[in-house]
Amino acid sequence: MSASAVSLSDLTFAWPDGTPVFDGLDAVLGPGHIGLVGNNGAGKSTLLRLIAGQLRPRRGSVTVPGRLGYLRQDLGLATGRRVEAVLGIDQVRAALHRIEAGEGSETDFECVGTRWDVEESAIALLGRLGLHYLAGDVAQLDRRLDSLSGGETVLLGLVAELLREPDVLLLDEPTNNLDSVARERLYEVVGGFPGTVLIVSHDRELLNRVSGIAELRRGEIRLFGGTFDDYEQIIEAEQRAARAAVRDARGEVRKQSRELVEARIKLDRRGRYGRKMRENKREPKIIMGKRQRDAEVSAGKLRGNHLAKVEEAKSTLEQAQESVRDDREIRVELPGTRVYPGQDVLEMKEVRLVNGPVVTLRVTGPERIALSGRNGAGKTTLLRRVVGTPPKVSCRLLPQRLDIFDERRSLFDNVAAAAPHAGGEQIRAQLARFLFRGADADVPAGALSGGERLRAALALLLLSDPAPRLLLLDEPTNNLDLPSLRHLTEALAGFEGALIVVSHDRRFLEEIGITRNLELTGGGLTDSGPENPVGAGALRK
């Protein structure tokens, strides 16, 4: 396979409504495994679609060496399709079977080409990625997709791309909905890919396995060597320097403004002295005239000099501020969510889920529980049953799709409907703490970006009446950019109730202070005990 890089030259693209995304973007991505990072809305997925040829630029070009594979976020797999069709081998298999039955035509031989082992290759890849029940025998390739979970569908899509033997592989959030075992298998398979890989992901563990980071910011790409941790260290050092530069620039603006005021006071004093001398006629007229002209020239120079210095200091401040990234933090105080140690929160006894497991679960006090399990084990189903039990305290569920809004109404109106007893000023004050300030709260819910939608959903749930004391989160980190992931962690730091979260992002679970781990299997729930209880206490302080 080729180890060449993807080249972008003068790449320019805007949406049909005229919204610009890229204007003259130049970059070389690769060779190697590159993590593509940036805020939600920066254009990461759009860039992958342009590289894949699914979108056409208005100007410029994209050069991709060799064959290309592209795993999209939304695979768009209809449940009625068969596994072989998703893998793109259905026509080759049909031709192969006709040849084996002695009914093959010249067209069939052309269709098969050199891919006589296509079924065995597909089965082997399915097994490597953990889809063992599909890898059981060749007949499994005829199965329909109805029984596949979201995570299994992602893995199936990856197998489909790898079967095409690409030289360049584009991956858009490949670990979404994957359990921990499937993630490890994906890490292994992607890590062994010999070509160029461009990865858009919020999965920091995956990004710490790459050889370089490409940051997409303000329509430009900046390249960093090393892993995501290396990138974060560089950015943090730059931000410390930028914040120091802003402090220095503000001090210079204050200094020059003060000197300008002092200069004006001196000029005013001179002016008053000159007027007094003219009024008293203590000097000859010709001398007074020259004195006045000299004073005016001097005043003009002095005023212009100080004004120029003030403007220069303000310009320096603006440039310094441009280098400082938006580091606003969510700071939420939610006393209404508090659950006390020993307080009964939830009790489920031998509840059978639709997919088979019988579950017994008791939650007391402000526990923070991580719910894990293989894809398709029924984790989402269990969360929905918890909501319907009902618990012994107020409960809210944050679903994977964040489909809890009236899309046509503003964020403010959505929260007001969930908290009818709260006043308008109170709602706006609380939304501001979730970084929706002023007119941001009046944007229609349907127009929110992914990260904004997550913050808005948290605001809607946590500010609802009554406030939730048990919060259920179903894969909350899916499709989040890294700043939004930080915002989510900050918001949960202000939550004092009990928490059950389905997530396979181990670093996220550590940061929110999980106190207990439960695994859902066919036999029910297995309690693997506490994890990082000290971190949990520190987080809630």
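In which loop does Gly446 lie? Gly446 is found in the loop between H13 and helix H14 (450–462), with helices (H or I, at least four residues) and strands (E, at least two) taken as DSSP runs numbered from the N terminus.

The model is a predicted one, in which local features need pLDDT of at least 70 and side-chain atom pairs count only at pLDDT 80 or more, while totals for chains, interfaces and linings use all residues. Residues are numbered from 1 along each chain as its sequence is written, and side-chain values use heavy atoms, with hydrogens and water left out.

Overall, the chain holds 17 helices and 17 strands. Of its 541 residues, 47% are buried (under 20% relative accessible area, with a 1.4 Å probe and protein chains only). Take the contacts (heavy atoms within 4.5 Å) between residues at least 6 apart in sequence: 70% of them join residues at least 24 apart.

Now for a pair of helices. Two packed helices are described by the angle and the distance between their axes. For H12 (residues 411–418) and H13 (residues 424–433), the axes come within 10 Å and cross at roughly 115°; axes here are lines fitted to C-alpha atoms over the stretch in contact, and angles run from 0 to 180 degrees between N-to-C directions. On the H12 side, Leu411, Phe412, Val415 and Ala416 meet Gly424, Ile427, Arg428 and Leu431 of H13.

Setting aside neighbours within four places in sequence, Gly446 touches Glu407 and Arg453.

Definitions and conventions
Buried means under 20% relative accessible area, exposed over 50%, partly exposed in between (1.4 Å probe, protein chains only).
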